[in-house]
Protein chains: 2
Amino acid sequence: MAEENTIFIGKKGTMAYVLAVVTQVNAGAKEISIKARVKAISRAVDVSEIVKNKFIKDLKISNISTSTEEISSDEGGALKVSSIEILMSK
Amino acid sequence: MAEENTIFIGKKGTMAYVLAVVTQVNAGAKEISIKARVKAISRAVDVSEIVKNKFIKDLKISNISTSTEEISSDEGGALKVSSIEILMSK
């Protein structure tokens, strides 16, 4: 998938990411990937639910997958964290 | 699914729920449903990842679904919250 169709969920408010998804779909994207790690995972689910229930009723969740990623911790060691990818498509 | 094969993720530490899943599988359960709402959603993903990566390698995530549930708020009104169900099976 094109990188520009991927939304990474971070620390902004939920509606900022809802707006990002809606904007990309209105610009013609047929498929959107919403990615998040650790605590942002809950927000990713919120974003996908709000988009399909309130904004773009014909956008469906086509797949949800989870994985474990290894990231470098601040102390230099490796840290395993959970991540989620929610695919939404028309 | 039998109610006893459903794990509701709450406010305990992640490993408490990992242990609950492992215990049920060791007791013969072939399918486990892990459910969570709102902020516990991230913990539900952690639990399923830890179980399959560290404890029961032949237990796979067979489906992940999300939904929006309406719950009563403390003030008496209705509140919409996101929820997740992670199905794990052998």
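Modeller: What follows is a set of questions about a predicted model, each answered by setting a value against its definition.

Colleague: Why is the pair Glu69(A) and Arg37(A) called a salt bridge?

Modeller: The closest N and O atoms of Glu69(A) and Arg37(A) are 2.7 Å apart, and the rule asks for a side-chain nitrogen of Lys or Arg within 4 Å of a carboxyl oxygen of Asp or Glu, so the pair qualifies.

Colleague: Why is Glu69(A) called partly exposed?

Modeller: Its relative accessible area is 27%, and because buried means under 20% and exposed over 50%, a value in between is given the label partly exposed. Arg37(A), at 41%, is partly exposed as well.

Colleague: How do you know that Glu69(B) and Arg37(B) meet in a salt bridge?

Modeller: The N to O distance between their side chains is 2.6 Å, and since the limit is 4 Å, this pair is therefore counted. Glu69(B) lies in strand β3 of chain B and Arg37(B) in strand β2 (residues 31-37), so here too the pair ties together parts that are 32 residues apart in sequence. Glu69(B) has a relative accessible area of 27% and Arg37(B) one of 42%, and both are partly exposed.

Colleague: Why is Glu49(B) called buried?

Modeller: Glu49(B) has a relative accessible area of 2%, and the label buried applies under 20%, so the residue falls within that class. Glu49(B) also forms a salt bridge with Lys52(B), with the closest N and O atoms 3.5 Å apart, and the two residues lie in helix α2 of chain B, 3 residues apart, about one turn of the helix.

Colleague: How do you know that chain B and chain A are in contact, and what area do they bury between them?

Modeller: Contact means heavy atoms within 4.5 Å, and 17 residues of chain B are in contact with 17 residues of chain A. The two chains bury about 1300 Å² between them, 53% of it on carbon and sulfur atoms.

Notes:
Residues numbered from 1 in each chain as written. Chains lettered and ligands numbered in written order. Predicted model: local features only at pLDDT ≥ 70, side-chain atom pairs only at ≥ 80, totals over all residues. Heavy atoms only, no water. Buried area = accessible area lost by both parts, 1.4 Å probe. Buried < 20%, exposed > 50% of the residue type's maximum accessible area, 1.4 Å probe, protein only. Helix = DSSP H or I, 4+ residues; strand = E, 2+ residues; numbered from the N terminus.
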